[in-house]
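Subject: Structure handover

Hello,

Here is the structure I promised you. Please open it first, then read my notes below.

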Amino acid sequence: MAQITLFVTPEELDSTHEQMQRRMRFVIPVGFWHPIRFISVGLAFALCLILLIRPELGLRLFWGAFIPIAPLIFFIIPGLWRNICPLAAMNQAPRWFGLTRNQFATDWPVPHWLKNYSYPIGITMLLLLISSRKVILNTNGLALASFIFLVLVIPFIMGFISKGKSGWCSSICPMLPVERIYGQTPFITLPNSHCQPCVDCTSKCYDKQPHSAYLKDLYADDPHHVAYRKFFVGLFPGFIYGFYTVPAYPAIGLLHLYTELVVYSVLSLVSFYILDNFLTHGPLKLTATRSMAFTPNILTATYGMVAFNLYYAFTPQAAAHFWDTSLPMWLILPFEATIFALSAVWLYRTAEKEQLYRLYFLPPQDVVKVTFGELTISAPKDVTLLSLAKKNNVPLKYSCEGGTCEADPVCVFSGMENLSEMGAVERATLEKLDRIGTARITNTRLACMAKVLRGQIIVGLTPEPSKSSILVKFESDPTIKSVVIIGNGIAGYQAAYEVYRRHRQCDIYLIGDENHLTYQRISIAKLISEPKLVQDLYLKAEDWYEARRITLRTKEQVIKVDTATQMVILNTGETLPYDRLIFATGSQSRSPSTKDGRPIAGFELAGTFNLYKVQDSINIQAFVQTQRPRRAIVFGGGVTAMEVAYELHKLGQKTNMQVTLISRSGLMQLDKMGEQILVEHLEKIGFKVQLYSDVVSLYGQTQVQEVTLKSGENVPCDLFVACIGVMPNITLAKETGLKVKRGIVVDDEMRTSIPNIFAVGDVAEHDNLMPQLVDVAKAQAEVSAVNAVRGNEIWRQVYTRPILSVKVKISAFDLYVINGARPQHDNEQNIILKHLLKGRYAKLSIANGRLLQGILLQATAKEVQTVTEAIRQEIDISCYLPELERGNWDVLSRLTE
């Protein structure tokens, strides 16, 4: 198999700050920092003791050594300080020792005022601390020792009652405003080692996103959030200058001292706001054509640079004063020149980084107004209506977000032309719902597929009632009086609906063994973490079935099919006659087993689960809430496994539960390169990934405690969820006498070996394939319904395997596998493109000049649609291969238009 790899990283970005940081990132084991932090806390307490016993030495060490060096650490390698800071260690100590609030309560909400004003609180504490040096802290060892002891105790208390670093490091820490200014463009990057795993305790986290957190602050939607950052950096140069030029108390009175500090700070702040108004919001405001003009970030960085140089213009001599000496000018001048050169480089790189940030991570500047009922939202371009609804708590049902589950049709009252064009998948789904066409409703869109582009859009959450969905031209067989469908999953539901559309007289029975209406099985993993009602998953309300003469029998089972009398016998003893019978019995979760098919030892223990039905999700959530497991393992490498791991991770953020994903092979159908990108994303979210490992047994007394891998490694585990595939439910089919291999064997009309019995969905085996996907189930259901009730050969319909697209959405990361279930070709060629900066990856599989498959990570909707159409249309792309190999995929768009 040929393979061509192309790294699509524009040449002009190869030497950018982000690329350099990737190359300069140190990989240091987390365990390395534990003793370092222990030592840093010990040194802090030791300093307090020295200040009490020998105050002169303590003051020299603190003001004459540590304080002069600290800003340089923030400036050059801020991650070092974030890792060894004794205040951060004290803040995280309760979490390490299992003493956080999450041990005792499900949620102790942080006060609203603290969330809103944590940054100005930190600024105030910093300014009071610095100014207090001129009053007492520079000369009084007891006062300084008391202060240091206090700021060690407070983070510990805040770590006990708050989540992660939100109680100190990322909220009210007085050093945070300074760290954010100078740490936004570090010369050397060290990853944060405190938060293992990350619990998303704060937005725009400096530890999680050191290069972009400050930019996200300045480009935040909240004007107060931005104003606090500007306020601090605006007054900082004046405050630094005032601090070093105003005499200390008692040389001047306290009122005089603080008045002068305020005056210098205000003058600095006024100059900042004048420049901010005229440079960043005036004629020099950044535009698309003037990308190097002043921006708020360049202005704040400039003021930060000025403050940094002022600090080191005064600090060396001030520090030397504590040691009763002075420094010669021949030493001071080169030092100051070095500081200026470093800060100039820092300013340039900060401006360069902002350009990349604006280019790749900011939404387009055009704002679209979207109205849901009485709520009007200002939205960026290229987001879906469903994403906007979720973000703003607009009630819409769960959705597969792939455009096939029929869960989120909305009515567009105005602005349809301002939405993205309707793709083939969305059109097919709306056609099923009878909501598009010349004689049908034309203002319905699927919220998960319709993206906002421009102008104003007014959306209604309830689509207009569709016109009669009866296909009046279809000629049905009047002798068919009863159609029974076994299984009320997606396949059974769709079959019942398609029969109703084509036959106006027959009785339709839909039988399911769960106590639920038909629901979106692909969304049940979300129930693990989200406090939603099961009813939100239902495709239709109960009266929908009644209005269509579909008799829904839930919590009942067919225990026997009598083909001689054409009767099905229920577990209640009741019998139902059928003229046509459709098996849609679906599948069940596959349990971890040994080579001879026996369940692995220990899978019966408490805390072990499969996931296939709604009740499975409910049971898992209940177990986590009541038993508080600390270590969860999800076994599997497919879509369901990744979704379950993500939902457990979200739930585990409230209980300090670490989630590990273990897979026997890789993830999905990715090669090593794509797999690496996906694993990096999953680990950034906060859960661990261990590939090419097999679970051979579980151990525990009454509840699972440990997992043994094939390698012999024993992994601690309190919760084990297996997601390793499904097995078709074929027992009833065998007993009925149908031909069965892996599933129920069907022909092109979805008929089984008994002509008046059909099979669809997960249980059906067509042409030796069992894709077991929603798109397949729906397509097969329609074919079975047509052939079950048609009146003559004219209406015969045969099954054609659809172009299958599987989508995995985890956090802000999307993975598409297009046409995954397909035969392999010996002469396949793979073209792989990888974009390092944006974490994007794509692989096209080509044989005989035809596109066979596409695997896309972080692709746009247009790219997904283009690849899908190219596969569906079987376009000969032989002569365009050189362009594709060079990374020009626009050629596919031109060919499919």
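Glu647 is buried in this predicted model, with a relative accessible area of 6%. Buried means under 20% relative accessible area, exposed means over 50%, and partly exposed lies in between (1.4 Å probe, protein chains only). Glu647 sits in helix H19, residues 639-652. Helices (H or I, at least four residues) and strands (E, at least two) are DSSP runs, numbered from the N terminus. Which residues does Glu647 touch, not counting those up to four places away in sequence? They are Ala525, Lys526, Ile528 and Ser529. Contact means heavy atoms within 4.5 Å. Val659 is twelve residues from Glu647 in sequence, and their C-alpha atoms are 9.8 Å apart.

Some ground rules. Residues are numbered from 1 along each chain as its sequence is written. This is a predicted model, where local features need pLDDT of at least 70, side-chain atom pairs count only at pLDDT 80 or more, and totals for chains, interfaces and linings use all residues; side-chain values use heavy atoms, with hydrogens and water left out.

Now the whole chain. The protein chain has 897 residues, and 55% of them count as buried. It holds 25 helices and 31 strands. Take the contacts with a separation of 6 or more: 70% of them join residues 24 or more positions apart.

Next, confidence. pLDDT is the predictor's confidence in each residue, from 0 to 100. The mean for the protein chain is 82, and 85% of its residues reach 70 or more. Where is confidence lowest, and where is it highest? Helix H1 (residues 17-24) is lowest, at a mean of 38. Strand S13 (residues 580-583) is highest, at 97. Two stretches need care. Over residues 1-26, pLDDT stays under 50, and the model has 72 contacts beyond four places in sequence for them. Over residues 282-292, pLDDT also stays under 50, with 20 such contacts. Where pLDDT is low, the predicted coordinates should not be read in detail.

Now a helix pair. Two packed helices are described by the angle between their axes and the distance between the axes. Helix H16 (residues 490-502) and helix H22 (residues 774-789) have axes that come within 8 Å and cross at roughly 35°. Axes are lines fitted to C-alpha atoms, for helices over the stretch in contact, and angles run from 0 to 180 degrees between N-to-C directions. On the H16 side, the contact residues include Ile490, Ala491 and Gln494. On the H22 side, they include Val774, Ala777 and Lys778. By class, the contact has ten nonpolar, two polar and four charged residues. Ala, Val, Leu, Ile, Met, Phe, Trp, Tyr, Cys and Pro count as nonpolar, Asp, Glu, Lys and Arg as charged, and the others, Gly among them, as polar.

Thr371 lies in strand S2, residues 367-372. Thr371 is buried, at 16% relative accessible area. Leaving aside neighbours within four places in sequence, Thr371 is in contact with Thr376, Ile457, Ile458 and Val459. Ala227 lies in helix H10, residues 223-245. Is Ala227 buried or partly exposed? Ala227 is partly exposed, with a relative accessible area of 32%.

Last, the cysteines. How many disulfides does a search of the whole structure find? The search finds zero, a disulfide being a pair of cysteine sulfur atoms within 2.5 Å. Cys506 counts as buried, at 1% relative accessibility. Cys717 is buried too, at 0%.

Best wishes
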